[in-house]
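Me: I have a new structure open and would like to learn how to read it. Could you take me through some features, one by one?

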Amino acid sequence: MRMRTTVSLAALLLGSLLAAPAEGKLVYVKQPASLESSIHVATDKGKQRRRLGIGRAPAISPDGRWVAFITAPSARGRESVVLLRLRSGSQRFVMRAKRISSLRFSPDSGRVAAVANERRIRVYDIGNDKRRVAAEGDIRGYSWAPDSKRVVYGEADGDDFQAESDLYVARAMGGAEPDRLTRSRDAVNPVWGGQEIFYDRFTKRDDGGPAYQIWALEPEGDGDPRQLTDVTLPPVLTGFVPLEVSANGRRMLAALTGTDTQAGFTVNTASGDTDALSPEDLESGVVGFDLAADGRTILGHTGGPDPFNAHDVVTVPYGGGEPTVLVEDAAYPDWTR
């Protein structure tokens, strides 16, 4: 009886440990408007903070092992991507270009990609120490496929802001011609969300500016695209841009963009209903950066998109509510949740 009781207690203890959620990690920027902007890491509750280095636009791998960020331009005017291993602190310089943007890890944490000079999607394979160009052209947004082997991206016919653009799928490490997904000539900003790819389609308004609405299609290109949002936009706003989708594909984090505006919004991927994270302050309210995989929590910062504003890194319940401050005087966060 004693042995059975001991085994039962041990099993219960082990079960509780296995059931306990692993603590996530958070990265963010301090002094984002300064040449001395610095990258920091903490737990996903904002605790155990430490500085990692000078840079901007940090991303953290889903497994929490790696952080990547972009350095300031060198004397030759080129930016670099630094890949830092959190446990050891070792660093690699894995990409260089005059301008680097859209730094993202693959879902399996094995690769990191970025857009170089708005013309190439470059991918670095961490385990094999290999660099490849996944796509070339006038890139208009990209996203990793759930399998981490492919990327979906928008490619335009030219560098004009409203140049005709379509979506393509390419192998992340190259080696084959990309597959064309759309032929509507108005598709940009894709996000691969499990069973569907969400993206923007744009039209030209009477004032000459673009108007973006979110659509969805199946990754294989089967069936007709479906429209999610259909919101009348005033002249100062250009429309919604999809950012993140929950693991079950039902909840979306988006940004309402426009002149001096980047406001956080949620979008119901079934009905297309939209809700603002800061309904009373679209210009300087909460900007969303990441959506937890379970779709319950949004990570963002207060103070709108302007880096010169005062910001705090916060979480907001997906269904609405007051922000919870994780780190004061910090901005541009990413996390592992």
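Me: Which ring does the charged end of R104 sit over?

Reply: A charge sits over a ring if NZ of Lys or CZ of Arg is within 6 Å of the ring centre and within 35 degrees of the ring normal. Here the charged end of R104 is placed over the ring of Y142, 4.6 Å from its centre. Likewise, R201 lies over the face of W215, 4.2 Å from the ring centre. Keep in mind that this is a predicted model, where local features need pLDDT of at least 70, side-chain atom pairs count only at pLDDT 80 or more, and totals for chains, interfaces and linings use all residues. Residues are numbered from 1 along each chain as its sequence is written, and side-chain values use heavy atoms, with hydrogens and water left out.

Me: What is the bridge partner of R104 in β9?

Reply: Strands of a sheet pair through backbone hydrogen bonds, either parallel or antiparallel. Strands are DSSP runs of E, at least two residues long, numbered from the N terminus, and two of them pair if DSSP finds at least two bridges between them. R104 has A113 as its bridge partner in β9. Strand β8 (residues 100-105) and β9 run antiparallel, joined by four bridges. They form a hairpin with five residues between them, and S109 in the turn has a positive phi of about 70°.

Me: Which residues of β9 lie on each side?

Reply: In a regular strand the side chains alternate between the two faces of the sheet. For β9, R111, A113 and V115 are on one side, with V112, A114 and A116 on the other, and all are buried. Buried means under 20% relative accessible area, exposed over 50%, and partly exposed in between, with a 1.4 Å probe and protein chains only.

Me: In what order do the four strands of the open sheet come?

Reply: The order is β3-β2-β1-β28, with antiparallel pairing. β3 (50-54) and β28 (331-335) are at the edges with a single partner strand each, so one side of each has no neighbour in the sheet. Four of the five residues of β28 are buried, so the rest of the structure largely encloses this strand. Three bridges join β1 (residues 25-30) to β28, and L26 stands opposite W335.

Me: How many aromatic pairs are there in the whole structure?

Reply: Rings of Phe, Tyr and Trp (its six-membered ring) pair if their centres lie within 6.5 Å; planes under 30 degrees apart count as stacked, over 60 as edge-to-face and the rest as tilted. The search finds four such pairs. In one of them, Y153 and Y168 have ring centres 5.8 Å apart and planes at 25°, so they are stacked. Y153 belongs to strand β13 and Y168 to strand β14, 15 residues apart. Y153 is buried at 2% relative accessible area, and Y168 is buried at 14%. F240 and F265 make an edge-to-face pair, 5.2 Å centre to centre with 75° between the planes. F240 is in β20 and F265 in β22, so this pair ties together parts 25 residues apart in sequence.
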